[in-house]
Amino acid sequence: MIIAANLKTNLTRHDTALYIEEVEKCAQKSEQEVLIFPAISSLDTFETKVEVGTQNAYPTINGAFTGEIGLEQLDEFGIKTILIGHSERRHILGESQEFIAQKFDYFKDQGFKIVYCVGEPKEVREAGKMKMLAYISAQYEGIDTAYENLIIAYEPVWAIGTGLTPTLEDIQDIHTELKKKSPAPLLYGGSVKVNNIKDVLQVKNVDGVLVGSAALYAEHFCTMIEYADALEK
Ligand code: PGA
């Protein structure tokens, strides 16, 4: 399974290095594919089994894009994994589907592993399944769903950082629909915690998880990795 941590705008460079060191110890003992997305200022060359990716980058080698980083800055640290389409970038930073697709193409051409996020806001879910599927389908526009280095993460916006989660039946239902769109591994994200990860990982068509706040302590994230190992035994 794929167990990924999105650290968002948390932890300093110093604390991130310690965090990765701790997680590496449990990843070494684990069968899981472990990914960590630290803040951009914490990126570095990590010679670890844990794969370190960037939460964002601009689709350029370098240039005049104030506040962004490009391929050159990722290459410096050998970063070959990127998170694209996260709901916070779509909704807080205002990234359009068109721009997200452009970013996707650029990093696909560079052979990056792409964790591509999709998910609906609360009002869309409340509008019913057809509306919800139409909304999520629009987030697949311009995306090569057959890309070999693609991982998709389904993260309902209303479940991110809120402690709310869909029911396990709802997760299974939407994951089954999304599996028809792409053969890529499909992660669930949105308030995954130590106390619900076992249930989530056992849902059909869930190939792993993308964890935010509950992954901020290495000890907790390691527990989740261990749970995933235990389930596979
Ligand atoms: P959360 O965030 O686990 O804090 O809900 C998940 C994410 O945004 O990827």
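View 1. A volume here is the space filled by probe spheres set on the points, with grid points joined across faces, edges and corners. The lining consists of Gly-85, Ser-87, Arg-90, His-91, Cys-117, Val-118, Gly-119, Gln-139, Glu-155 and Val-157. Helix 3 (87-91) and strand 5 (113-118) each contribute at least two of the lining residues, and the largest share, three residues, comes from helix 3; helices (H or I, at least four residues) and strands (E, at least two) are DSSP runs numbered from the N terminus. By class, this lining divides into three nonpolar, five polar and two charged residues, with Ala, Val, Leu, Ile, Met, Phe, Trp, Tyr, Cys and Pro counted as nonpolar, Asp, Glu, Lys and Arg as charged, and the others, Gly among them, as polar.

Residues are numbered from 1 along each chain as its sequence is written. In this predicted model, local features need pLDDT of at least 70 and side-chain atom pairs count only at pLDDT 80 or more, while totals for chains, interfaces and linings use all residues, and side-chain values use heavy atoms, with hydrogens and water left out.

**View 2. The largest cavity.** The structure holds two cavities of 30 Å³ or more, and the largest has a volume of about 110 Å³. Of the 16 residues that line the largest cavity, Lys-8, Gly-190, Ser-191, Val-211 and Gly-212 are the closest to its centre. The lining of the largest cavity is made up of five nonpolar, eight polar and three charged residues.

View 3. The ligand is surrounded by 13 residues, of which the closest are Lys-8, His-86, Glu-155, Gly-161 and Ser-191, a residue being near when one of its heavy atoms lies within 4 Å. An oxygen atom of the ligand lies 2.7 Å from a polar side-chain atom of Lys-8, and an oxygen atom of the ligand is 2.7 Å from an N or O atom in the side chain of His-86.

**View 4. The largest pocket.** The largest pocket has a volume of about 260 Å³, a pocket being an open set with protein on both sides within 12 Å along at least five of seven lines.

Methods
1 Å grid on protein atoms, 1.4 Å probe; cavity = no way out; pocket = protein on both sides within 12 Å on 5 of 7 lines; lining within 4 Å. Polar contact = N/O pair within 3.5 Å; in protein donor to acceptor, adjacent residues only side chain to side chain.
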